[in-house]
Amino acid sequence: MKNLAWFDDFYRIIAGTTLSSWLSVLPAQLEQWHKQQLHGDFKKWQKLLSKLPKTPVSMIDLHDSVTFGQESDISDYTQKQIAGLLGQFKPWRKGPFTIHGIHIDTEWRSDWKWQRVLPHIQNLRSRKVLDVGCGSGYHMWRMLGEGAELVVGIDPTQLFLMQFQAIKHFNPSEDIHLLPVGIEQMPNLAAFDTVFSMGVLYHRKSPIDFLQQLKNQLHSGGELILETLVVEGDEQTVLMAGERYAQMRNVWYLPSTKALTVWMKRVGFKDIKVVDVAKTTVEEQRKTEWMDSLSLADFLDPQDSTKTIEGYPAPLRAVLVASV
C-alpha cells in the first residue's frame, strides 16, 4: 500500500516517545482511511506526485518564509515542469510557498497570520507540536523553522495531504508529518508541548467538546494557541450563523472573545489571554492564479464591507493562548 508507506517513518519516530500510545489506534485508522472511498482525483494526484523530479536544493528557509531551493538550482525546463505539476493541485488555499523560484501565491497570506501569532507563543525549540486542522501544512513548516523537535499536523482533507506531500518532496524531513485524521479520532495523548488550532473552532458543531479534545492532547504545562472567527460582545455574545456565513456552509458558532474565554475556563484551561484581534482584509484572503475561484471580496456585502453578503459582521479573527 504505497499511500500507507508515507506514515511508516512516523510510526518509527514516535515508537520510543511519549506519543507511542497513539500506535494502539493510528495504524488501523489509516488503513481504514486507505480503504475508504477516496477523492475522485486521488489517483491523478498520486501520478502528479510521482512525476515531480528530484532536484538539488541549495537553500532552505523556514524562518522567514517556506522556501526550498533557488531558481538557479534547476534548468528552465525543469522549473516549468514543476510549476505545471504543482498547478494541477489547485486550489492552493494556505501559503505562500516558494519552490526553486516558483511562487505559489495562495488564497490566504498565511504568513501574515503567523506574524501575528508568533510574538505571543512560547519558544517552540525542542517541542513536540500538534497542528489541528493544518490544511496543506504552511504553518507546520514555520513551526519547524522555529526549532520544533517534531511537528504533527492532522487534517482529513485529502487534497491538503497531497499538497503537503508535494511540498515535502523538496524537503523530505523526518521531523514533520501530516496525518489524514480528525481530532475526534485521536486518543487522549496528553503528550504534546504545544497544540495549535487555527481556523477550526467555528467549523465544529460542539465547540466545547472540541476545546476538550484539544486540551486532551496537551501534557500538564503545555500551551494551546487558538485562532478563530469571533464577534464583538460580552460574555453572553455568541453568533450562530444560518445556512451560510460568508458563503461557507459549515460555520456554527462565532463567540465573542469574552464568551470564548468563559468556554475555555469551563474546560479547564488556565492563563487565558487574548493576544490579537484583527479584521480579515481582501488583501489577506483573495483570488490568485493558484486559487482562481471566489474569495473574500465576493463574500462581503458590495454596499457595506463591514458585513458579509448574508448581513452578518464581516470576518474578525482572534488569537488566544492558554495553558493546562
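Helices (H or I, at least four residues) and strands (E, at least two) are DSSP runs, numbered from the N terminus. You are looking at a predicted model, in which local features need pLDDT of at least 70, side-chain atom pairs count only at pLDDT 80 or more, and totals for chains, interfaces and linings use all residues. Residues are numbered from 1 along each chain as its sequence is written, and side-chain values use heavy atoms, with hydrogens and water left out.

**Partners of strand β10**

- Two strands count as paired if DSSP finds at least two bridges between them.
- Strand β7 (residues 128-132) pairs with β10 in the parallel sense, over 4 bridges.
- Within β10, threonine 194 is the bridge partner of valine 129.
- Strand β11 (residues 218-230) also runs parallel to β10, and 6 bridges join them.
- Opposite methionine 198 you will find glutamate 227 in β11.

**Helix α7 and what follows**

- In helix α7 (residues 138-145), 7 of the 8 residues are buried, so this helix is largely enclosed by the rest of the structure.
- Its buried residues are Tyr138, His139, Met140, Trp141, Arg142, Met143 and Leu144.
- Just after α7 comes glycine 147, which takes a positive phi of about 95°.

**Serine 110**

- Serine 110 lies in helix α6 (residues 110-117).
- This serine counts as buried because its relative accessibility is 3%.
- Contact means heavy atoms within 4.5 Å.
- Leaving aside neighbours within four places in sequence, serine 110 is in contact with Lys94, Gly95, Tyr138 and His139; Tyr138 and His139 are among the buried residues of α7.

**The whole chain**

- The secondary structure comes to 11 helices and 17 strands.
- With a radius of gyration of 20 Å, close to the 20 Å that the globule rule gives for 324 residues, the chain is as compact as a globular protein of that length. The radius is taken over C-alpha atoms, and the rule is 2.2 Å times the number of residues to the power 0.38.
- The C-alpha trace spans about 60 × 50 × 40 Å along its principal axes.
- Of the 324 residues in the chain, 54% are buried.
- Among contacts between residues at least 6 apart in sequence, 71% join residues at least 24 apart.

Methods. Buried < 20%, exposed > 50% of the residue type's maximum accessible area, 1.4 Å probe, protein only.
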